[in-house]
Amino acid sequence: MTTTTTEQLAITRIFDAPRALVYQAFTDPDHLAEWWGPIGHSLPRDEMEFDVRPGGFQRWTEVNVAQPELRVHIHVDLTDVADGELLEGVMHVSGRLQEGIEPFETRLRIEFHDEADGRTRLEIRQWLPEHLAHPSEEGWRQAFTKLDATLTNARAVAADHREVEAWPS
Amino acid sequence: MLSVVPERSSEDLDLLFGALADATRRGIVERLAVGEATVTELAAPFSISLPAISRHLKVLERAALITRSQKGRWRHARLSPTSLAAAATWLSRYEQLWTESFGRLDDHLARLTSEQPTPQTQTEKGRP
């Protein structure tokens, strides 16, 4: 079902803490609840369930503090785990999402590397959900070709006249 | 630090992410994900003027996130091309989520390292 695609999001970040501690921040529910999530959300501790091992899982709920009826359920099925070094899995996002957003799943890989002076380098790769990636790279290429043309056009238009627009109300 | 894979000039991506860096414009894109709409319909959820919405639409159009067409008296806006806009919105949201969370993770780790001065760093257990 999951086709092999190149990752879409690649983030590298250095943290001023030893690797074991950064790994713990991702794999211990008490720790994750302290820092993860969109602003304005909380992670109820009693809805967190972690079983971190290959074939295990991490599950939690993100509750919108201002609108508590908006509850997002995150289920990560862990496919590959190396203690202190690697977390890889598929994140399933469901529940009451913002309007216009369908439940989706995204493949996620997090690597923990030692850096000098007891620091840790985090490397995160995240893959677009299948339904968004669907038109594949060819679709993206066409889209960006179109974007190029639009931009060239827009510059030419902007150069020789100022658009005046009236919207019927 | 962050990269989006399709081989495209960073200038184009700047336009794309610039267009999505604004909450109102993200709201417009999310509304258009449901279906096309007139400027009046798009303005409804926001407490800003029609000309202001119109300016946001121009930014989105320049980033090729939307197209606009004339239908009788009305101009309709729609996502274009759908996959690109939806994917860009999704990426922008996750980029933001990680960035925001990392700030809090920094703070959390700083608290932990000040609480437990050195014990962990010397004995790194579990390393072969």
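The legends below describe close-up views of a predicted model. Residues are numbered from 1 along each chain as its sequence is written, and chains are lettered from A in the order in which they are written. Local features need pLDDT of at least 70 and side-chain atom pairs count only at pLDDT 80 or more, while totals for chains, interfaces and linings use all residues.

**View 1. The open sheet of chain B.** Three strands of chain B form an open sheet in the order β2-β4-β3, with antiparallel pairing. Strands here are DSSP runs of E with at least two residues, and helices are runs of H or I with at least four, numbered from the N terminus. Two strands pair if DSSP finds at least two bridges between them. β2 (37-38) and β3 (66-71) of chain B are at the edges with a single partner strand each, so one side of each has no neighbour in the sheet. β2(B) is joined to β4 (residues 74-79) of chain B by 2 bridges, and A37(B) stands opposite A77(B) in β4(B). Helix α2 (residues 23-34) of chain B packs on this sheet and touches β2, β3 and β4 of chain B; its direction makes about 95° with that of β4(B). Helix α4 (residues 50-62) of chain B lies across β3 and β4 of chain B, at about 120° to β3(B).

**View 2. The packing of α2 and α4 in chain B.** The axes of α2(B) and α4(B) are 10 Å apart and meet at an angle of about 75°. Axes are lines fitted to C-alpha atoms, for helices over the stretch in contact, and angles run from 0 to 180 degrees between N-to-C directions. The two helices α2(B) and α4(B) are therefore roughly perpendicular, a class that covers 65 to 115 degrees. T24(B), R25(B), I28(B) and V29(B) of α2(B) make the contact with H56(B), V59(B) and L60(B) of α4(B). Contact means that C-beta atoms, placed from the backbone, lie within 7 Å.

**View 3. The nonpolar cores.** A nonpolar core is a set of buried Ala, Val, Leu, Ile, Met, Phe, Trp, Tyr and Cys residues joined through C-beta atoms within 7 Å. A residue is buried if 20 or more other C-beta atoms lie within 10 Å of its own, exposed if 12 or fewer, and partly exposed in between, with C-beta atoms placed from the backbone. The largest core has 26 residues, of which A19(B), V29(B), L60(B), A63(B), L65(B) and I66(B) touch the most other members. Beyond four places in sequence, the contacts of L60(B) include A19(B), V29(B) and I66(B). A second, separate core of 12 residues includes F15(A), Y23(A), W36(A) and L109(B).

**View 4. The β7-β8 hairpin of chain A.** Strand β7 (residues 104-115) of chain A pairs with β8(A) in the antiparallel sense over 8 bridges, and D114(A) has T120(A) as its bridge partner. The hairpin has 3 residues between the strands. D117(A), in the loop between β7 and β8 of chain A, has a positive phi near 60° although it is not glycine. With 5 C-beta neighbours inside 10 Å, D117(A) counts as exposed.

**View 5. Confidence in chain A.** Chain A averages a pLDDT of 80, and 70% of its residues score at least 70; pLDDT is the predictor's confidence in each residue, from 0 to 100. Over residues 1-5 of chain A the pLDDT is below 50, and over residues 161-169 of chain A it stays under 50.

Conventions. Contact = placed C-beta atoms within 7 Å. Parallel < 35°, antiparallel > 145°, perpendicular 65-115°, else oblique.
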